[in-house]
Amino acid sequence: GWWMAARSRALQVFRQAAITFEKSASFARQSPEDGRPEIAFSGRSNVGKSSLINAICRQHGLARTSKTPGRTQTLNFFNIGQVFRLVDLPGYGYAKAPKAVTQQWGETVDNYVTQRNLEVLKMVYVLMDSRRGVMEIDLEWVGMLHQARVPFKFVFTKGDKVSAGAREQLLNAGHEQFEILTGRPAAEESIFVVSATKKEGIEDLVASLVADAQSVDKRGSQSKDTEIE
C-alpha cells in the first residue's frame with residue numbers, strides 16, 4: 001500500500017542524507033533560523049535518547065551517551081542532509097539535577113516548543129522506557145504539547161528488554177493515552193516500540209521522521225510568534 005511505498009522512499013532519502021551535528025543551544029532563541037523543518041526528540045533523562053539517535057543515524061557517538069542522566073541540558077541540533085533537523089531536547093525528570101538547572105531546562109524547552117514557528121517544528125517524538133510505560137511526568141509533558149498545538153508521537157525505547165506480550169500492551173496503552181489526551185485515535189504510525197541495541201523498529205521510525213519532516217503544516221500556517229508577548 002501507500003505506506004510501504006512512502007516508507008521505502010523515506011528510507012532512501014534518509015540513507016542518502018549526510019548526517020552531522022550542527023550546534024547546541026542553551027536558549028531557544030539560539031535555534032537555527034533558516035526555516036528548515038525540525039523533528040524533536042524528548043523524554044525522561046534516562047530513557048535512552050542519545051543511543052536511539054545514534055542508532056537512527058547509524059553513527060556511534062554522534063549524540064553523546066552518558067552514564068549520568070540529565071547531562072544533556074542544551075537543545076542539540078543535528079542536520080539530516082538538507083532535509084530536516086533532528087533536535088535532541090534536554091531530558092526531563094532527573095531528581096538529582098540542581099533546581100536552578102531544572103528551572104532553566106523548563107524555560108528552554110517550554111520556549112522552544114511554544115515559540116517555535118509551527119511551520120518549522122513538525123513533530124515531537126516523546127520517548128518512554130518500555131519497562132516503565134507511560135508515566136505521570138510523560139503525561140504532563142504531552143498535555144503541555146497538546147495545549148501548545150504541537151503534534152506528538154510516542155516511542156517506547158529499550159523494547160528488547162520486555163516480552164512480546166508486554167510490547168503489545170505498550171502499543172495498546174499508547175493508543176489509549178493518545179486518544180484520552182487528544183480526543184481522537186492515534187494513526188497507525190504514531191506509536192512505536194524500538195530497540196537501539198537490537199536495531200528493532202528503527203526503519204519504521206526513520207520512515208515516520210522523514211514523512212513528518214516533509215509533511216505540509218497541518219496546524220494552519222500562521223506563526224505563533226504573534227501570540228508571544
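Helix axes here are lines fitted to C-alpha atoms over the stretch in contact, and angles run from 0 to 180 degrees between N-to-C directions. Helices (H or I, at least four residues) and strands (E, at least two) are DSSP runs, numbered from the N terminus.

The model is predicted: local features need pLDDT of at least 70, side-chain atom pairs count only at pLDDT 80 or more, and totals for chains, interfaces and linings use all residues. Residues are numbered from 1 along each chain as its sequence is written, and side-chain values use heavy atoms, with hydrogens and water left out.

**Stop 1: the whole chain**

Colour by secondary structure. The protein has six helices and seven strands. Along the sequence they run α-β-β-α-β-β-α-β-α-β-α-β-α. Of the 229 residues, 49% count as buried (under 20% relative accessible area; exposed is over 50%, partly exposed in between; 1.4 Å probe, protein chains only). Now turn to contacts, meaning heavy atoms within 4.5 Å. Among those with a separation of 6 or more, 75% join residues 24 or more positions apart.

**Stop 2: α1 against α6**

Two packed helices are described by the angle between their axes and the distance between the axes. Select α1 (residues 2–16) and α6 (residues 202–213). Their axes lie 8 Å apart, at an angle of about 85°. That makes α1 roughly perpendicular to α6 (65 to 115 degrees; under 35 is roughly parallel, over 145 roughly antiparallel, the rest oblique).

Show side chains. From α1 come W3, R7, A10, L11, V13, F14 and R15; from α6, E203, D204, V206, A207, S208 and V210. By class, this contact has eight nonpolar, one polar and four charged residues. Nonpolar covers Ala, Val, Leu, Ile, Met, Phe, Trp, Tyr, Cys and Pro; charged covers Asp, Glu, Lys and Arg; the others, Gly among them, are polar.

Centre on R7, in helix α1. Is R7 buried or exposed? With a relative accessible area of 17%, R7 is buried. Leaving out residues up to four places away in sequence, R7 touches E203, D204 and A207.

**Stop 3: α2 against α6**

L52, A55 and I56 of α2 meet I202, L205, V206 and L209 of α6. The contact of α2 with α6 has seven nonpolar, no polar and no charged residues.

**Stop 4: the rings**

Next, select Phe, Tyr and Trp. Rings (six-membered for Trp) pair if their centres lie within 6.5 Å; planes under 30 degrees apart are stacked, over 60 edge-to-face, the rest tilted. The count is eight aromatic pairs.

Pick F14 and F84. Their ring centres are 6.5 Å apart and their planes at 40°, so the pair is tilted. F14 is in α1 and F84 in strand β4 (residues 84–88), 70 residues apart. F14 is buried at 2% relative accessible area, and F84 is buried at 1%.

Move to F152 and F178. Their centres are 5.2 Å apart with planes at 55°, so this pair is tilted. F152 lies in strand β6 (residues 152–157) and F178 in helix α5 (residues 164–182), so the pair ties together parts 26 residues apart in sequence. Both F152 and F178 are buried.

Then select F41, Y125 and F192. Ring pairs link F41, Y125 and F192 into a cluster.

**Last stop: a charge over a ring**

Zoom to R29 and F27. The charged end of R29 sits over the F27 ring, 4.5 Å from its centre. The rule asks for NZ of Lys or CZ of Arg within 6 Å of the ring centre and within 35 degrees of the ring normal.
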